[in-house]
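Subject: Handover of a structure, with notes

Dear colleague,

I am passing a structure on to you, together with some notes on what turned up in it. Please have a look at it before you read further.

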Amino acid sequence: QKDDVASGVIYVCRSKSEHPLLKENRSGIHKIGVTGKDAAHRLSGAEGDPTFLFAKADLVASFEMFNIKRNKLETLLHRIFASARLEIEIPDRFGKPYRPQEWFCVPLDTICDAIEKIKDGSIINYQFNIKTGSFEKS
């Protein structure tokens with residue numbers, strides 16, 4: 001619509017970390033975030049950022065969103081996939097343990113499906129099933 005306001009980008013990325021858990025499961029572990037900037041710009045400097053597990057990351061999907069509040073959208077996505085949150089502890093540069101909150105063990109197709117369901121408003125009729133890694137009618 002001509003009155004729509006571009007308000008953010010949902011980005012999905014994979015870590016290039018050499019951490020054994022991340023390396024062995026790379027294709028199934030994704031960071032889901034929302035930014036007001038260009039998604040590629042958000043990933044720059046990832047190796048120095050705890051939210052990126054102190055490693056470079058590959059952008060695997062991005063979705064421009066309109067007329068949304070970025071923080072509420074990110075909270076919604078994280079709540080949808082909360083049961084699949086990656087449980088990992090990564091030491092920061094001082095050796096202090098860091099537990100990331102934005103990484104999930106969810107197939108990319110399922111993340112894309114969630115975003116489409118959010119866009120068309122049908123997400124309220126579905127719930128994420130961690131056993132199948134997909135959505136089911138609720």
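The notes below go through strands, aromatic rings and charged side chains in turn.

Please keep in mind that this is a predicted model, in which local features need pLDDT of at least 70 and side-chain atom pairs count only at pLDDT 80 or more, while totals for chains, interfaces and linings use all residues. Residues are numbered from 1 along each chain as its sequence is written, and side-chain values use heavy atoms, with hydrogens and water left out.

Let me begin with strand β1, which covers residues 6-15; strands here are DSSP runs of E with at least two residues, and helices are runs of H or I with at least four, both numbered from the N terminus. Eight of the ten residues in β1 are buried, where buried means under 20% relative accessible area, exposed means over 50%, and partly exposed lies in between (1.4 Å probe, protein chains only). Two strands are taken to pair if DSSP finds at least two bridges between them. On that basis β1 pairs in the antiparallel sense with strand β3 (residues 57-66) over nine bridges, and A6 stands opposite F66 of β3. With strand β2 (residues 29-35), β1 pairs over five bridges, again in the antiparallel sense, and there I32 is the bridge partner of V12.

Turning to the rings, those of Phe, Tyr and Trp (its six-membered ring) pair if their centres lie within 6.5 Å, with planes under 30 degrees apart counted as stacked, over 60 as edge-to-face and the rest as tilted. The count by this rule is five aromatic pairs. One of them joins F128 and F135 edge-to-face, at 6.0 Å centre to centre and with 65° between the planes. F128 is buried at a relative accessible area of 13%, and F135 is buried too, at 12%. Ring pairs also link F81, F104, F128 and F135 into a cluster.

A charge sits over a ring if NZ of Lys or CZ of Arg is within 6 Å of the ring centre and within 35 degrees of the ring normal. K117 lies over the face of Y126, 4.3 Å from the ring centre, and K31 lies over the face of F52, at 4.7 Å.

In one of them K31 meets E102, with the closest N and O atoms 2.3 Å apart. Because K31 lies in strand β2 and E102 in the loop between β5 (97-98) and β6 (103-105), this pair ties together parts that are 71 residues apart in sequence. Both K31 and E102 are buried.

The side chains of R99 and E89 form another salt bridge, at 2.4 Å from N to O. R99 lies in the loop between β5 and β6 and E89 in the loop between α3 (70-80) and β4 (90-91), so the parts that this pair ties together are ten residues apart in sequence. R99 is exposed, with a relative accessible area of 52%, whereas E89 is partly exposed at 40%.

A further salt bridge joins E116 and K119, at 3.9 Å from N to O. Both residues lie in helix α4 (residues 108-120), three residues apart, which is about one turn of the helix. E116 is partly exposed at 40% relative accessible area, and K119 is partly exposed at 43%.

With best wishes

Note on methods
A salt bridge is a side-chain nitrogen of Lys or Arg within 4 Å of a carboxyl oxygen of Asp or Glu.
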